[in-house]
Amino acid sequence: MLDEIERIVRESGVRVAGASGFTVDSKGGRENIVTSADVENEEFLRRELTALIPGSTFMGEEGEEVRVSDEGYTWIVDPIDGTTNFARGIPMVGISVALFRDGQPFIGVVHNPFTGTLWKAEAGKGAFKDGVRIRVSDRGLGDGIMCTAWCTYEKSLAPPCWRVSERMHPLCNDIRRIGTAACELCMLAEGAVDLYFEIRLNPWDYAAALVCLSEAGGCYRGIDRDVDWNDPSPVIAANGTDNLDVLHGIVSEEFGGRTPYGE
Ligand code: LIP
């Protein structure tokens with residue numbers, strides 16, 4: 001199954017990397033856009049992936065609302081994670097495909113068609129980047145690089161996000177804002193970076209990458225509970241529980257136990 005999913009994702013990557021003349025529309029607010037390439041790639045992935053498992057359900061960023069099935073199979077897909085990067089020609093995007101079985105994630109594939117990089121994992125079988133086994137780093141906080149964002153789509157939430165960055169910056173090595181959660185979380189899985197925080201992501205941004213992160217020995221959580229697979233959630237992740245606990249503590253203090261998404 002993983003090989004078949006990889007084949008389909010790579011085929012979709014050829015379409016995305018070769019897209020031209022696509023339209024750009026707003027999804028509400030000037031920051032939240034969708035391109036015709038997103039929509040077309042989601043339809044391609046929906047058709048090909050659901051044909052792999054007849055009767056499977058499909059949750060896609062650009063489609064109608066779907067919940068993860070407690071029984072059977074559900075796909076959670078972001079056809080182009082990092083849409084703004086894609087629309088502006090910044091070659092950091094991720095095609096993200098997760099497969100859930102009986103409500104639990106067990107396969108994740110993330111592919112950047114511009115670099116050719118593909119991360120993949122199946123529960124219990126390890127995580128891989130371009131076919132090579134990967135593991136999180138063992139860096140302490142002082143050597144850690146944190147990927148983060150400052151809530152692009154709801155800028156009223158930016159101030160506490162800035163404060164988290166302000167407090168983490170002197171503790172760690174540096175901070176990066178790359179603009180694709182799927183790829184950033186996979187870079188955490190491969191040991192390139194060491195921490196990750198974003199206050200508001202959708203399941204399609206992170207589901208596949210968190211399978212890779214788990215299989216690579218990393219850890220993640222929400223603020224007051226686990227990450228949600230059906231609704232927007234904060235995502236706090238790290239290469240180990242020591243760094244996760246420091247980051248989670250600062251996030252909790254800055255958001256005052258109040259999480260903006262019903263957590
Ligand atoms: C993006 C995320 C990114 C976040 C952006 C956006 P999209 O996903 O991957 O980390 O900061 O605001 O949500 O919307 O491009 O698929």
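This is a predicted model: local features need pLDDT of at least 70, side-chain atom pairs count only at pLDDT 80 or more; totals for chains, interfaces and linings use all residues.
**First stop: helix 1 and helix 2.** Select residues 2-17 for helix 1 and residues 36-52 for helix 2. Their axes come within 10 Å and cross at roughly 160°. Angles over 145 degrees count as roughly antiparallel, so helix 1 is roughly antiparallel to helix 2. The crossing of these two helices is right-handed. To display the contact, show Glu4, Ile5, Ile8, Glu11, Ser12, Arg15 and Val16 on helix 1, together with Glu40, Asn41, Phe44, Leu45, Glu48, Leu49 and Leu52 on helix 2.

**Second stop: the ligand.** Select the ligand and the 17 residues around it; those that come nearest are Asp81, Thr83, Arg177, Ala181 and Glu198. Next, inspect the ligand's oxygen atoms. A backbone N or O atom of Thr83 lies 2.8 Å from an oxygen atom of the ligand. At Arg177, an N or O atom of the side chain is 2.7 Å from a ligand oxygen atom. At Ala181, a polar backbone atom is 2.8 Å from an oxygen atom of the ligand.

On helix 5, the contact is made by Ala181, Ala182, Leu185, Cys186, Leu188 and Ala189. Helix 6 contributes Asp205, Tyr206, Ala209, Leu210, Cys212 and Leu213. The residues of this contact divide into eleven nonpolar, no polar and one charged.

Key:
Residues are numbered from 1 along each chain as its sequence is written. Side-chain values use heavy atoms; hydrogens and water are left out. Axes are lines fitted to C-alpha atoms, for helices over the stretch in contact, and angles run from 0 to 180 degrees between N-to-C directions. Helices (H or I, at least four residues) and strands (E, at least two) are DSSP runs, numbered from the N terminus. Angles under 35 degrees count as roughly parallel, over 145 as roughly antiparallel, 65 to 115 as roughly perpendicular and the rest as oblique. A crossing is left-handed if the near helix is turned anticlockwise from the far one by less than a right angle, and right-handed if clockwise. Contact means heavy atoms within 4.5 Å. A residue is near a molecule or strand if one of its heavy atoms lies within 4 Å of it. A polar contact is a pair of N or O atoms within 3.5 Å; within protein, one must be able to donate a hydrogen and the other to accept it, and residues adjacent in sequence count only if both atoms are side-chain atoms. Ala, Val, Leu, Ile, Met, Phe, Trp, Tyr, Cys and Pro count as nonpolar, Asp, Glu, Lys and Arg as charged, and the others, Gly among them, as polar.
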